[in-house]
Amino acid sequence: MAAAGSFSLLDGGPVAADIRAGVAAAAERLRGSGIQPTLALVAATADEPAHWYARAITGAAGQAGLAVRLADLGPDATADQLAGQLRELAADPGVHGIILQTPLPGGAPAGGLSSLIPPGKDVDGASPLSAGRLLAGLPAFAPATAAAVLTLLDGYDVPLAGRHAVVVGRSMVVGKPVAHLLLARDATVTICHSRTRDLPALTRQADVLVAAAGRPGLIGKEHIRPGAVVVDVGTTPGAGGKLTGDVDSDAVSTLAAALSPVPGGVGPVTTATLLRHTVTAAGQATGG
Ligand code: NAP
């Protein structure tokens, strides 16, 4: 870890730009062999952040030379309709990546439906099959946000082996897969959640702290070990759509060695990671 006293921002912008450049080059190579890498987004929601996210992915994909197929079934879609759509896309050789956007109608859990996405096309690591494969050390795509946390840390050469990483949050989307990816990199990992007793006592042991609770300001100065590297995954939308992280950045920056900003940290790397997973899936599907 860096010495306490110096502080830097883990800016996701340059890391994401590097990924996007690699994606654009890979997409061009694939198109040269007659393959148009294609990502399908399946949505069934009136949720505005979900639509905003779909537009952001579509824009970024277009710039990198990927095609996006948007299957918006509307907020009244049934589970059967969604399942039919996912089966169709799973069988379509022209589709290389599939994302099932949440929330689902009626707040239905995504686990059952996302099982219909074959691991080779599960570019956001949503399916329980992908999660199991990841846990077993078999080839699988990790959820893009979790993968992005590791990519961001690697982009700034943050050492992980033998370090104590503390993850706040245990969702299947972020907390659990991040913890597993950190463990796979030989970090010693502690996972905290809403029932954890004395959160600051645990987070203060962290060389690397990943905050993924979706609770603005949860992590303050009292949670930080001097010289720690802090990744803020939280993105809680506030007035006017402004995103707020889980970390009180003003307080934490006085003690931490580095902190990822919100917005501009994990977010852009996540979008770029989805695109990278899609060109990887297209290459694998075509033996490239
Ligand atoms: P989630 O499903 O709501 O999970 C939140 C986790 O945080 C849960 O495990 C919960 O514990 C834990 N938690 C809540 N309050 C806590 C507290 N006071 N102390 C300790 N732990 C607490 O959320 P998620 O989908 O994992 O997302 C987490 C955050 O990341 C959200 O802000 C989300 O918007 C953001 N996110 C960002 C990106 C990106 O690209 N930057 C992508 C995905 C998500 P329990 O399990 O005990 O309830």
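**Entry 1. The model.** I am working from a predicted model.

**Entry 2. Ligand shell.** I began with the ligand and asked which residues surround it. I counted 18 residues around the ligand. The closest are Thr145, Arg170, Ser171, Ser194 and Thr235. Ten of its residues are polar, six are nonpolar and two are charged.

Entry 3. At His193 the backbone is involved: one of its N or O atoms lies 3.4 Å from a ligand nitrogen. At Arg215 I looked to the side chain. An N or O atom there is 3.3 Å from a nitrogen atom of the ligand. At Thr270 a polar side-chain atom sits 3.2 Å from a ligand oxygen. I also checked how much of the ligand is covered. Alone, the ligand exposes 930 Å², and the protein buries 70% of that.

**Entry 4. H1 against H10.** Next I turned to helix pairs. Helix H1 spans residues 12-32, and helix H10 spans residues 266-285. Their axes lie 9 Å apart, and the packing angle is about 20 degrees. An angle under 35 degrees counts as roughly parallel, so H1 and H10 are roughly parallel to each other. I noted their crossing as left-handed.

**Entry 5. H6 against H10.** Helix H6 covers residues 144-155. H6 packs on H10 at about 110 degrees, with the axes 8 Å apart. Angles of 65 to 115 degrees count as roughly perpendicular, which makes H6 roughly perpendicular to H10. The crossing of this pair is right-handed. Thr145, one of the closest residues to the ligand, falls within the H6 range of 144-155.

**Entry 6. H6 against H7.** How are H6 and H7 oriented to each other? Helix H7 runs over residues 175-184. H6 and H7 pack at about 40 degrees, and their axes are 8 Å apart. The two helices are therefore oblique to each other. Their crossing is right-handed.

**Entry 7. The ends of H5.** Last, I checked both ends of helix H5, residues 128-135. At the start, a side-chain oxygen of Ser127 comes to within 2.9 Å of the backbone nitrogen of Leu129. After the helix comes Gly137. I recorded a positive phi for Gly137, near 75 degrees.

Notes: Residues numbered from 1 in each chain as written. Predicted model: local features only at pLDDT ≥ 70, side-chain atom pairs only at ≥ 80, totals over all residues. Heavy atoms only, no water. Near = heavy atom within 4 Å. Polar contact = N/O pair within 3.5 Å; in protein donor to acceptor, adjacent residues only side chain to side chain. Areas by Shrake-Rupley, 256 points an atom, 1.4 Å probe, with all protein chains shown as cover. Nonpolar A, V, L, I, M, F, W, Y, C, P; charged D, E, K, R; others polar. Axes fitted to C-alpha atoms, helices over the stretch in contact; angles between N-to-C directions. Helix = DSSP H or I, 4+ residues; strand = E, 2+ residues; numbered from the N terminus. Parallel < 35°, antiparallel > 145°, perpendicular 65-115°, else oblique. Left-handed = near helix turned anticlockwise from the far one by under 90°.
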